[in-house]
Amino acid sequence: MTEQAPQSRAAGVSVETLLEALPYIREFHGRTVVIKYGGAAMLDEGLRDDFAADVVLLKYVGLNPVIVHGGGPEISRYMERLGLEVKFHEGLRVSDAETVEVAKMVLVGKLNSEIVQRLNRRGQPAVGLAGEDGSLFEVAPVDNADKVGFVGTVQRVDVDVLNHIAADYIPVIASSASDRSGQSYNVNADEAAGKVAAALGAYKAIFLTDVEGWLVDTGDTGSLISRASVGEVEEQLPGIDGGMRPKLQACVDAIQGGAQSAHIIDGRKPHSLLLELFTDAGIGTMVTP
Ligand SMILES: Nc1ncnc2c1ncn2[C@@H]1O[C@H](COP(=O)(O)OP(=O)(O)OP(=O)(O)O)[C@@H](O)[C@H]1O
Ligand SMILES: [Mg+2]
C-alpha cells in the first residue's frame with residue numbers, strides 16, 4: 001500500500017498532464033511557432049538536451065517549429081579569450097570588424113552546428129542557416145551605427161528558403177547577415193526572431209532567456225509581468241534597458257505580423273517550452289495584441 005501510493009500518484013499526474021495538453025495539441029496542429037533560443041539559456045548541457053527534446057516533440061505532434069538563436073555569452077567568452085573588449089550599448093553588442101568576425105565564427109561555426117546536431121540525434125533532421133543562406137535576411141546598418149559599429153537591422157526576410165526547409169526539416173537560424181557588398185553584420189537574435197515570426201505569419205513567437213520574463217524594475221530582482229498588451233509594451237519600451245529591450249520590440253513585431261501571442265520565458269527552467277505551450281498555467285510574460 002505505502003509502496004504503491006507514490007507510483008499511482010505519478011501515473012495520475014502524467015495522465016492529467018496529457019489530457020491537459022490535448023486541446024493545445026489540437027489548436028497548434030500545423031501552426032508555425034518561432035522559437036528564439038537565447039545564448040544565456042544555452043549554457044547548461046542538460047538544458048540544451050531538454051530543449052532539443054522539446055523541439056523534436058513539437059515537430060512530432062504536428063507543429064512547425066522554426067528556431068532562431070543568439071549566442072551572447074559564448075561570443076563574449078571567445079572575445080575575451082582573444083583579448084577583445086566586450087561592450088554593449090542599449091542592449092546591442094558594440095561590433096567592430098573583428099568582433100563581427102568572431103561573432104560569426106561562434107554563431108555559425110559552433111552554436112548553430114551544435115543545435116542542428118542535437119536535433120538530428122533526437123531523430124528530427126534540422127538544417128542550419130545564417131542570414132546569407134537563400135538571401136534570408138536583407139540588412140542595413142542600424143541608425144546608431146556610429147555608437148555600435150557593424151550591427152545590422154533586418155530590412156526584409158525572404159521566407160521562401162524557410163518554407164522549403166520547414167516542409168521536411170527544422171530550420172535553425174543563426175542571427176548573422178551580410179549586405180550586398182559582402183560586409184558582415186551582427187544582428188540581434190531577438191530582432192531576427194521577431195521579423196522571422198512576422199514574415200512567416202507565425203502563430204506564436206517564444207523567447208527563451210535567462211530570466212523569468214519581463215520584470216518590473218531593471219535587472220533580475222524585480223517582479224514578473226505575466227501579461228501585457230502590445231500598447232502597454234510600446235509605452236514602456238523607451239525606459240527598458242539591456243537585452244530585454246530588443247526582446248520586447250521583437251514581441252511587438254511578431255504580433256504586428258499577425259501572431260496571436262508572444263512569450264518571454266525562463267529558459268533555465270527544464271522543459272519551459274512545453275510548459276508554456278501545453279499547460280493551462282503557461283509561464284513567463286505573455287504579450288497579446
Ligand atoms: N526589465 C527587465 N526584465 C528582465 N530582464 C531585463 C530587464 N532589463 C534588462 N534585463 C536583462 O535582459 C537580459 C536578457 O537578455 P540578454 O540579451 O542578456 O539574453 P538573451 O537575449 O536571452 O540571449 P542572447 O542575447 O544571447 O540571444 C536579462 O538577463 C536581464 O539582465
Ligand atoms: Mg539578447
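A backbone N or O atom of G71 lies 3.4 Å from an oxygen atom of ligand 1. That is a polar contact, a pair of N or O atoms within 3.5 Å. The side chain of D190 also has an N or O atom 3.5 Å from an oxygen atom of ligand 1. At L215, a backbone N or O atom is 2.9 Å from a nitrogen atom of the ligand. The protein covers 83% of the 640 Å² of accessible area that ligand 1 has on its own (Shrake-Rupley method, 1.4 Å probe).

The model is predicted: local features need pLDDT of at least 70, and side-chain atom pairs count only at pLDDT 80 or more, while totals for chains, interfaces and linings use all residues. Residues are numbered from 1 along each chain, ligands are numbered from 1 in the order written, and side-chain values use heavy atoms, without hydrogens or water.

Where does ligand 1 sit? Ligand 1 sits in the largest pocket (more than half of its atoms within 2 Å of the grid points). About 940 Å³ of space lies there. Of its 41 lining residues, D190, G242, G243, M244 and K247 are closest to the centre. Helix α3 gives the most to this lining, three residues.

The second largest pocket holds about 490 Å³ of space. Its lining has 17 residues, and the largest share, five, comes from α9.

Note on methods
Polar contact = N/O pair within 3.5 Å; in protein donor to acceptor, adjacent residues only side chain to side chain. 1 Å grid on protein atoms, 1.4 Å probe; cavity = no way out; pocket = protein on both sides within 12 Å on 5 of 7 lines; lining within 4 Å. Points joined across faces, edges and corners; volume = space filled by probe spheres on them. Helix = DSSP H or I, 4+ residues; strand = E, 2+ residues; numbered from the N terminus.
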